[in-house]
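Hi,

Here is the structure I promised to pass on.

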Amino acid sequence: MGNGPVSIRAATPADVPEILALIRELAEYEKAPEQAVATEGDLRRHLFGNSFDDWQGVSNVPKSGPVAECLIGEIDSVPQGLALFYANFSTWVGKPGIYLEDLFVRPAARGRGLGKALFVEVASIAAARGCQRLEWSVLDWNTPAIDFYRALGATPMSEWTVHRLAGDRLAAVAATKPQLA
């Protein structure tokens, strides 16, 4: 890898194979490669298509369009990292926010400022959209990431515990939905 410029750009559908490769590299880094089951089709649909085009939800409220966004970080015009994020909402402050799902830079590209550039770009997007929060999760053992975020002024939310309902358990709970009039 050369010492050329660092740049950030919005991902396009043509980037889907590279996005998937970066996601799989992140899963390897986080010691959970078996959990990275996303496909190119999943990413195309949810980053660039109509995520819920076949959804018939409560009250049949239509929902279309992508549910997440992705930035590609490049060095010498070669993709070396990504930031994948989506909108959330704070009922307490009555304003939108952004949840940063993944920020990843390939190990060989670290130390060049690409991670910070990606993070700052997401923060800039949040500020420009009037968001009041930018939030994300970090694995407890990932001290390089924790140190990186703290150096940028982030504070851990230790009073909150993340909970998850997924896969068969999510389906089982959904199956208990009562019939409403």
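A quick definition before anything else: by contact I mean heavy atoms within 4.5 Å. Keep in mind that this is a predicted model, where local features need pLDDT of at least 70 and side-chain atom pairs count only at pLDDT 80 or more, while totals for chains, interfaces and linings use all residues. Residues are numbered from 1 along each chain as its sequence is written, and side-chain values use heavy atoms, with hydrogens and water left out.

Let me start with Asp102. On that contact definition, and leaving aside neighbours within four places in sequence, Asp102 touches Leu26, Leu82, Ala83 and Leu84. Asp102 sits in strand β4 (strands are DSSP runs of E, at least two residues, and helices are runs of H or I, at least four, numbered from the N terminus). Asp102 is buried but has no salt bridge, and the nearest side chain of opposite charge, Arg164, is 9.1 Å away. Here buried means under 20% relative accessible area, exposed over 50% and partly exposed in between, with a 1.4 Å probe and protein chains only. A salt bridge is a side-chain nitrogen of Lys or Arg within 4 Å of a carboxyl oxygen of Asp or Glu; for charge, Lys and Arg count as positive, Asp and Glu as negative, and His and the chain ends are not counted.

Now the sheet. It is open, with 5 strands in the order β1-β2-β3-β4-β5 and mixed pairing (two strands pair if DSSP finds at least two bridges between them). At the edges are β1 (6-10) and β5 (133-136), each pairing on one side only. Strands β4 (residues 95-105) and β5 run parallel, joined by 4 bridges; Ile98 has Leu134 in β5 as its bridge partner. Helix α3 (residues 114-128) packs on the sheet and touches β1, β2 (69-75), β3 (78-90), β4 and β5, its direction making about 165° with that of β4. For that angle, axes are lines fitted to C-alpha atoms, for helices over the stretch in contact, and angles run from 0 to 180 degrees between N-to-C directions.

What about disulfides (pairs of cysteine sulfur atoms within 2.5 Å)? The search of the whole structure finds 0. The sulfur of Cys70 is 17 Å from the closest cysteine sulfur, in Cys131, so a bond is ruled out by distance. Cys70 is buried at 7% relative accessible area, and Cys131 is buried at 13%.

Last, the loop between β2 and β3 holds Asp76 and Ser77. Most residues other than glycine have a negative phi, yet phi is positive at about 55° in Asp76 and near 65° in Ser77. Asp76 is partly exposed at 30%, whereas Ser77 is exposed at 58%.

Cheers

Definitions and conventions: Disulfide = S-S within 2.5 Å.
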